Amino acid sequence: MAMAGRLRSSVPLFQKILRSDSLSAAAVSIHRSATVEPSLAFPKFCNNYATASSSKEQKVKVPLTLFGVSGNYASALYLAAVKANILDKVESELLDFVEATKKSSIFSQFMKDVSVSADTRTKAMNAICSEAKFSDIMKNFLGLVAEKGRLRHIGNMAKKFTELTMAHKGEVKAIVTTVIPLPAEEEKELKETLQQILGQGKKVNLEQKIDPNILGGLVVEFGQKVFDMSIKTRAKQMERFLREPVDLGAF
């Protein structure tokens, strides 16, 4: 991705920031734009995201109720992005940022190091976001996450945010686990079957996972449902059945 490339090119700048002790305070301020949801500036109000908007603002609600720190931050970011009408852009920026942190040991270490001062964290995020030409909402979001010392949770926040964007689009993620990749025809049939189960208004987003440990068959997960049709599970069920004492009186 082009944005991921810009992030990688900002690594030297990132190293320079970490070594610098004399950056001006003005460079670290998190610029608040008029389109940003207030809960982004004040995380303690994230639990009230559904009712935080004033009568003059667009009424927006999150499509899923998420819990925990990551859920609250993801919900606040979702509200801000929807109100600014840049949901797809913000999602792309967030996923590119997370991907860049995985590919760079410098990023990874920085995100996990709780000993780094809040001042240094916000300076670094501000500079990186500017270099990557992120939207103001994403700059504000990452600046706030850095300021509050929650950068190590950014991966979880991104996952929660993706759940919200998928729900927003009426998509349902289904994970199918098999020993070998499903042939295209079988994948199509499975997707059509899941689509029938979900009904109209929902779109199946199928993700394949390979796990030789299931021995054969498949495991399908979507929503809160799990259909385990693996040979491993059936073998365990058969083993339990064979271990049960036989009631000879029944014959």
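Which strands does helix H10 (residues 184-198) lie across? Helix H10 lies across strand S1 (171-178), S2 and S3, and runs at about 135° to S2. Axes here are lines fitted to C-alpha atoms, for helices over the stretch in contact, with angles from 0 to 180 degrees between N-to-C directions. The model is a predicted one, in which local features need pLDDT of at least 70 and side-chain atom pairs count only at pLDDT 80 or more, while totals for chains, interfaces and linings use all residues. Residues are numbered from 1 along each chain as its sequence is written, and side-chain values use heavy atoms, with hydrogens and water left out.

Now for the overall picture. The protein has 11 helices and 4 strands, these being DSSP runs numbered from the N terminus (H or I over at least four residues for helices, E over at least two for strands). Of its 251 residues, 38% count as buried; buried means under 20% relative accessible area, exposed over 50%, and partly exposed in between, using a 1.4 Å probe and protein chains only. If one takes contacts (heavy atoms within 4.5 Å) between residues at least 6 apart in sequence, 70% of them join residues at least 24 apart.

The sheet comes next. The 4 strands make up an open sheet with mixed pairing, in the order S2-S1-S3-S4; two strands pair if DSSP finds at least two bridges between them. At the edges sit strand S2 (203-210) and strand S4 (225-230), each pairing on one side only. From one strand to the next, the twist averages 15°.

S1 and S3 are antiparallel and joined by 4 bridges; here Ile175 has Glu221 of S3 as its bridge partner. Glu221 also has a bridge partner in S4, namely Val226. Strand S3 (residues 217-222) pairs with S4 in the antiparallel sense over 6 bridges, and Phe222 is partnered there by Lys225 of S4. As for burial, S1 is largely enclosed by the rest of the structure, because 6 of its 8 residues are buried. Besides H10, which lies across S1, S2 and S3, helix H11 (residues 231-243) lies across S3 and S4, at about 80° to S4.

On the H4 side the contact uses Ser70, Gly71, Tyr73, Ala74, Ser75, Leu77 and Tyr78, and on the H9 side Asn156, Met157, Lys160, Phe161, Leu164 and His168. By class, that contact of H4 with H9 comes to 7 nonpolar, 5 polar and 1 charged. Ala, Val, Leu, Ile, Met, Phe, Trp, Tyr, Cys and Pro count as nonpolar, Asp, Glu, Lys and Arg as charged, and the others, Gly among them, as polar.

Another helix pair is H5 with H6. Helix H5 (residues 87-103) packs on H6 at an angle of about 105°, their axes 5 Å apart, which makes H5 roughly perpendicular to H6. Phe97, Ala100, Thr101, Lys102 and Lys103 of H5 meet Ser105, Phe107, Ser108 and Met111 of H6. This contact of H5 with H6 holds 4 nonpolar, 3 polar and 2 charged residues.

Two residues from these helices can be followed individually. Thr101, placed in helix H5, is buried, with a relative accessible area of 8%. Setting aside neighbours within four places in sequence, Thr101 touches Phe107, Ser108 and Met111. Phe110 belongs to helix H6 (residues 105-112) and counts as buried at 4% relative accessibility. The C-alpha atom of Phe110 is separated by 9.6 Å from that of Ala124, 14 residues apart along the chain.

Definitions and conventions: Angles under 35 degrees count as roughly parallel, over 145 as roughly antiparallel, 65 to 115 as roughly perpendicular and the rest as oblique.
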